[in-house]
Amino acid sequence: MDFKPAKKLGFGLMRLPLNEGATDAADVDVEQVSKMVDIFLEKGFTYFDTAWMYNAFHSEDVVKEALTSRHPRESYTLATKLHAGFINSKEDRDKVFNTQLEKTGAGYFDYYLIHGIEESMIDKYEELDCFNWLLDKKEKGLVRHAGFSYHDTPELLDEILTRHPEMEFVQLQINYLDWESEWIQSRGCYEVACKHGKPVIVMEPVKGGTLANLPDEAAKLFKEHDSAMSLPSWAVRFAASLDNVMVVLSGMSSIAQMEDNTSYMQDFVPLTKDETDMCFKAGEIINNQIAIPCTGCSYCTEGCPMKIAIPRYFSLYNENMRENMAQKGWTINFTNYGNLVAAGAGRASDCIACGQCESVCPQHLPIIENLKLVAGHFEG
Ligand code: SF4
Ligand code: SF4
């Protein structure tokens, strides 16, 4: 059975817009999300992607408010996930799943994923028999299609797909910046999925916004080629142009982003070979300038005992590195850093090196070392 949606753009519900002045990711602007959902469906797109902990555990509630209670069930498909961080027993799997059914009001899930598999988690997923548990949900009609999202090496992916041929699809981090990266290995993982005949769902095509906000030299390449196309459109279309990619998820945060993404993905035209090469060229330029390749996913913050605003600090630091501090001496980011601390976040220098954050970071970043850079820069 072909379970691929007709259109390749998926609405990722992990960076939802917040109400004005909100500092809590759970304080979602539901009215704006509802408008975004309507635009998405009106233009013929169908695939929505949420997860247990997105938007501070509130994304699945927003699904009910903005989507399932407002649109017929057959007009959309919904994906959600089971994450190892929230299960410690076989009973916990059902507790999470039943709560997800209740929160979303979806009745069943079109796609269900074992979330963020990597070496540190695979044993737990196997010990708690999550793969068979997921097949049982399929047999009961509560899940239509089973797969997993993945953040590790091509070799481990090959092992898992060999052991679990029953998995129907995989979700991978693919973007033109990470295509050959030593840590993410987008190309290698993509090729393994192809070898096993598994359709791919792409996450982080814009790398948490990094590929929407490019250094001048990289932006110039794209703008000179086609000034009408937005910078993030190159990243989304790069991923969508790969054969075997069934959906590209974009974590849209505004109506403007929704309008832009849907405009070029409605009648999608794959990139040419020259355009793909241009993306790789831009990737080289960016890789030479990016200081800390954090995607802002926030997986690391929940368990930090010192309440350090890790992705916010990395973002401020990256901005300052790009602002060419040697020339400027001071930027507004010093004030922004102070404001975060004043609002209750721990300082970068408060890090006690417990390692919790590094154990959950899907980008495998040396967070503790990077926080030392941040502390030296903003507090020194
Ligand atoms: S290592 Fe530092 S930043 Fe990471 S969780 Fe521990 S205290 Fe927080
Ligand atoms: S440091 Fe890692 S876990 Fe934390 S926000 Fe960045 S990419 Fe995500």
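In what follows, Ala, Val, Leu, Ile, Met, Phe, Trp, Tyr, Cys and Pro count as nonpolar, Asp, Glu, Lys and Arg as charged, and the others, Gly among them, as polar. By these classes, the shell around ligand 1 has twelve nonpolar, two polar and no charged residues. The model is a predicted one, and in this model eight strands, in the order β1-β2-β3-β4-β5-β6-β7-β8, form a closed barrel with parallel pairing. The largest nonpolar core holds 87 residues, and apart from it lies another core, of 24 residues.

**The barrel**

- Neighbouring strands of the barrel sheet are turned against each other by 30 degrees on average, when direction is ignored.
- Strand β1 (residues 9-12) pairs in the parallel sense with strand β2 (residues 47-49) over three bridges, and Gly 12 has Asp 49 as its bridge partner in β2.
- Strand β6 (residues 169-173) runs parallel to β7 and is joined to it by four bridges, with Val 200 of β7 being the bridge partner of Val 170.
- In a regular strand the side chains alternate between the two faces of the sheet. In strand β7 (residues 200-203), Val 200 and Val 202 point one way while Ile 201 and Met 203 point the other way, and all of these residues are buried.
- Helix α5 (residues 119-127) lies across β3 (77-83) and β4 (109-117), and its direction is at about 125 degrees to β4.

**Residues in and before strand β1**

- Gly 10 is found in strand β1 and counts as buried because its relative accessible area is 0%, where buried means under 20%.
- Leaving aside neighbours within four places in sequence, the contacts of Gly 10 are Phe 40, Tyr 47, Val 247, Val 248, Leu 249, Ser 250 and Met 252.
- Gly 10 and Glu 302 are 292 residues apart along the chain, and their C-alpha atoms are separated by 26 Å.
- Ala 6 has its place in the segment before β1, and this residue counts as exposed because its relative accessibility is 82%, the cut-off for exposed being over 50%.

- In soluble globular proteins, nonpolar side chains tend to be buried together.
- Within the largest nonpolar core, the residues that touch the most other members are Phe 11, Phe 48, Phe 148 and Tyr 176, and helix α10 (residues 231-240) contributes the largest share of this core, with seven residues.
- Phe 148, when its neighbours within four places in sequence are left aside, is in contact with Leu 113, Ile 114, Ile 117, Phe 131, Leu 157, Ile 160, Leu 161, Met 167, Phe 169, Val 170 and Gln 171.
- The other core, of 24 residues, lies apart from the largest one and includes Cys 294, Cys 304, Ala 348 and Cys 361.

**The ligand shells**

- Ligand 1 is surrounded by 14 residues, of which Cys 304, Cys 351, Cys 354, Gly 355 and Cys 357 are the closest.
- Helices α16 (356-360) and α17 (367-378) each supply at least two residues of the shell around ligand 1.
- Around ligand 2 there are 13 residues, and those that come nearest are Cys 294, Cys 297, Ser 298, Cys 300 and Cys 361.
- The shell around ligand 2 divides into nine nonpolar, four polar and no charged residues.

Key
Residues numbered from 1 in each chain as written. Chains lettered and ligands numbered in written order. Predicted model: local features only at pLDDT ≥ 70, side-chain atom pairs only at ≥ 80, totals over all residues. Heavy atoms only, no water. Core = buried A, V, L, I, M, F, W, Y, C linked by side-chain atoms within 4.5 Å. Buried < 20%, exposed > 50% of the residue type's maximum accessible area, 1.4 Å probe, protein only. Contact = heavy atoms within 4.5 Å. Pairing = 2+ DSSP bridges. Axes fitted to C-alpha atoms, helices over the stretch in contact; angles between N-to-C directions. Near = heavy atom within 4 Å.
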